[in-house]
Amino acid sequence: MREILETLLKGEGYSVRLASSGEEGVELARNVPFDAAILDVMMPGMDGMQTLEALKKLDEELAVIMVTAYASVENAITAMKRGAFDYVTKPFKNDEVLVILRNALERRNLMNENRTLRQNLQERYNHFDNIVGRGAAMRRVFDLIIQAAPSRSTILIQGESGTGKELVARAIHTHSQRKDRAFVTVNSGNLPPDLLESTLFGHVKGAFTGAVYPKKGLFDLADKGSIFLDEIGNIPLETQAKLLRVMQEREFMRLGGMETIKVDVRIIAATNVDLRKMMEDGRFREDLFYRLHVINVQLPPLRDRRDDIPLLVQHFLEKYGEENRKTGLDLAPEALDLMMAYDWPGNVRELENVIERAVVLSSGNGIGPDLIPDHVGRPTVFQMPRFVLPPEGISFKDVITDFEKALIESTLEAAGGVQKRAAELLHIKPTTLNEMIKRYDIRPRRRRATDIAPEAAEPELARAAGDVG
Ligand SMILES: Nc1ncnc2c1ncn2[C@@H]1O[C@H](COP(=O)(O)OP(=O)(O)OP(=O)(O)O)[C@@H](O)[C@H]1O
Ligand SMILES: [Mg+2]
């Protein structure tokens, strides 16, 4: 078997050394640096498990692949828990060994690359990929991405809306060996529960009325890649149980189906709610909570890292400058002052939108405070509109409705589109606000500068009066 493997691997261009026992192998590894080792579990003298441990002591990142008889898969699993990379069962196909070896080496390279990256990052960079930031909290985030990316571990990203959760999820994927496979995003919040399940796991024909054809799910699509479960706090309890199963057993069943399907998917989850509190209230499964909490990336709100505001401004000036063919734009110091003083409830997304709008609207080569929306950074005084009545009078109900609508719109804008925050500002319950938003059909303003007419971009309460008069 040793010699067969030697021929196979040399044929692929690897340099190979053979050892006929565990002792001999460890001795070799003491003298020559290796990238990977292939070990039989059953060996006379030092057995596979002991050899594994000795090799790992020499080089913690050595990729060790165990060869095992079908009957002793249990052993192989134990070996993986002790740091083996993977295992093959005898008799094995050549391709099987080659694929595993390639993966193992790829991961090792990635770990090396990521380590170098991390050193560079600590020395000089203010960003990681396209994630801008440099304070201690963001460094911790970058470090975690680099360290955790090559593994298969589940990652939970927490942070307020607009803090960059999706950006981080993508960075984790691109720095893993899954980078050439799919990165599938699931917006758990947008789908009704039963649709969510069939979206995730697919369904068989006839699983429910309307299931005329069988359908694959997103977990099929994400096989060998990563799946990003956004707003995981919105996943209903029954679906949480199924998710747990995929995480633990790496298998699932289609809706209405009996067959178990194996997948190899890396799960990255994000939330902007307090999952621990949800768990305590019985709305989130405890076992899933702890499974998710293995690696936890906490994104700080922008107001807690104001030092990064100038960096981010520069980053977005370049981005939107290029997009709009207005390169070399500068931000006037007064405009930056406003931005430094502001709380950014919508975090980086809100800042990005403010800069995009300013770039689009700017005519010269500078951006002054006049291009920054009124609510940013300026202490505001609430003013009631002055009503001017037309001679024929006006419907009281219509005026009140218009007034409520305008007030809600302005507050949403000031809250960076975050409903919870807007409700706080108006001293009403989030549910009440949400009802009104629905009743008045207030669209979440996609606050992209291009969608906003200049005069509508700075809504003033006084406009309510304008409408009336
Ligand atoms: N550190 C950062 N550097 C550069 N851009 C950022 C950063 N953080 C966020 N952004 C940008 O802000 C926008 C919002 O980021 P993202 O979608 O990742 O936020 P999120 O946390 O997923 O928000 P939500 O909870 O609302 O979904 C994106 O356009 C993203 O590119
Ligand atoms: Mg998001």
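This is a predicted model: local features need pLDDT of at least 70, side-chain atom pairs count only at pLDDT 80 or more; totals for chains, interfaces and linings use all residues.
Mentor: The shell around ligand 1 is made up of six nonpolar, seven polar and seven charged residues.

Trainee: Which residues of the shell are the closest to ligand 1?

Mentor: Of the 20 residues that surround ligand 1, the closest are V132, S161, G162, K165 and E352.

Trainee: Which helices and strands each supply at least two residues of that shell?

Mentor: One strand entry is β5 (131-132). The helices are α7 (165-174), α13 (309-323) and α15 (347-361).

Trainee: What does K165 do with its side chain there?

Mentor: A polar atom of the K165 side chain sits 2.7 Å from an oxygen atom of ligand 1. For E352, an N or O atom of the side chain is 2.7 Å from an oxygen atom of the ligand.

Trainee: And G162, which part of that residue is involved?

Mentor: The backbone: one of its polar atoms is 2.8 Å from an oxygen atom of ligand 1.

Trainee: How much of ligand 1 does the protein bury?

Mentor: The protein buries 86% of the 640 Å² that ligand 1 exposes when taken alone.

Trainee: Changing topic. What span should helix α16 have, and how far apart are its ends?

Mentor: Helix α16 covers residues 396-414, and at 1.5 Å a residue its 19 residues should span 27 Å. Its end C-alpha atoms are 27 Å apart, so the two agree.

Trainee: Which of its residues are buried?

Mentor: V399, F403, A406, I408, S410, T411, L412 and E413.

Trainee: What comes just after α16?

Mentor: G416, with a positive phi of about 60°.

Notes: Residues are numbered from 1 along each chain as its sequence is written. Chains are lettered from A and ligands numbered from 1 in the order in which they are written. Side-chain values use heavy atoms; hydrogens and water are left out. A residue is near a molecule or strand if one of its heavy atoms lies within 4 Å of it. A polar contact is a pair of N or O atoms within 3.5 Å; within protein, one must be able to donate a hydrogen and the other to accept it, and residues adjacent in sequence count only if both atoms are side-chain atoms. Accessible areas come from the Shrake-Rupley method with a 1.4 Å probe; for residues, only the protein chains shown count as cover. Helices (H or I, at least four residues) and strands (E, at least two) are DSSP runs, numbered from the N terminus. Ala, Val, Leu, Ile, Met, Phe, Trp, Tyr, Cys and Pro count as nonpolar, Asp, Glu, Lys and Arg as charged, and the others, Gly among them, as polar. The expected span of a helix is 1.5 Å times one less than its number of residues. Buried means under 20% relative accessible area, exposed over 50%, partly exposed in between (1.4 Å probe, protein chains only).
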